[in-house]
Amino acid sequence: MDHTIKELKREEEVRQAFPVLKQLRGHLDEEAFVELVFEAKERDMYKLYALYKKDTIVAVTGFKPMITLYYGRFVWVCDLVTDEVWRSQGYGKKLLNFVEFWAIKNNFESVALSSGLQRTEAHSFYETKMDYDKASYVFKKNLK
């Protein structure tokens, strides 16, 4: 195997994932990122995993188990990003497959995520390479 997937639990590990996650969440600085990760872990059972090639983080995912009346028991993928240097080499697929395996192992019925309207390459990845269906639109209203 040319990679390992590991849960990031310690602050030092979370900080090491920031340069990759920032490519998806450019609005966050490192301190806000670390604070939000640990708050989400405490309140929402958020899990943060990284895919390593040797000692280098090449892809990161954050997800949380959820229950809603619409989806039932499911895993919501909050974040999934491969470092731009390593894209199109199958690492995103390996990491999303890991999330699906985690969901099955923990008795969840499905995996769901949202993707920004402008991210057409990501949409193609989810639909053609990962066999995900478009299930809904996501609406958002800022309150600040």
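The legends below describe close-up views of a predicted model. Local features need pLDDT of at least 70 and side-chain atom pairs count only at pLDDT 80 or more, while totals for chains, interfaces and linings use all residues. Residues are numbered from 1 along each chain as its sequence is written, and side-chain values use heavy atoms, with hydrogens and water left out.

**View 1. Packing of helices α1 and α2.** Two packed helices are described by the angle between their axes and the distance between the axes. Here α1 and α2 pack at an angle of about 120°, and their axes are 10 Å apart. Axes are lines fitted to C-alpha atoms, for helices over the stretch in contact, and angles run from 0 to 180 degrees between N-to-C directions. Helices (H or I, at least four residues) and strands (E, at least two) are DSSP runs, numbered from the N terminus. The angle makes α1 oblique to α2; angles under 35 degrees count as roughly parallel, over 145 as roughly antiparallel, 65 to 115 as roughly perpendicular and the rest as oblique. On α1, the contact (heavy atoms within 4.5 Å) is made by E11, V14, R15, F18 and L21, and on α2 by E30, E31, F33, V34, V37 and F38. By class, these are seven nonpolar, no polar and four charged residues. Ala, Val, Leu, Ile, Met, Phe, Trp, Tyr, Cys and Pro count as nonpolar, Asp, Glu, Lys and Arg as charged, and the others, Gly among them, as polar.

**View 2. The aromatic pair F18 and F33.** There are 12 aromatic pairs in the count, where rings of Phe, Tyr and Trp (its six-membered ring) pair if their centres lie within 6.5 Å. The pair of F18 and F33 is tilted, at 5.3 Å centre to centre with 45° between the planes; planes under 30 degrees apart count as stacked, over 60 as edge-to-face and the rest as tilted. F18 in helix α1 (residues 11-21) and F33 in helix α2 (residues 30-44) are 15 residues apart, and their pair links distant parts of the chain.

**View 3. Packing of helices α3 and α4.** Helix α3 (residues 91-105) and helix α4 (residues 120-129) have axes that come within 12 Å and cross at roughly 60°. That makes α3 oblique to α4. The crossing is right-handed. G92, K93 and L96 of α3 meet F125, Y126 and K129 of α4 in the contact. Three of these residues are nonpolar, one is polar and two are charged.

**View 4. Surroundings of H123.** H123 belongs to helix α4. Its side chain and that of S115 are joined by a polar contact of 3.2 Å (a pair of N or O atoms within 3.5 Å; within protein, one must be able to donate a hydrogen and the other to accept it, and residues adjacent in sequence count only if both atoms are side-chain atoms). Not counting residues up to four places away in sequence, H123 touches S115, G116 and L117.

**View 5. Surroundings of E7.** E7 sits in strand β1 (residues 4-7). The side chains of E7 and Y49 make a polar contact of 3.4 Å.

Technical notes: Left-handed = near helix turned anticlockwise from the far one by under 90°.
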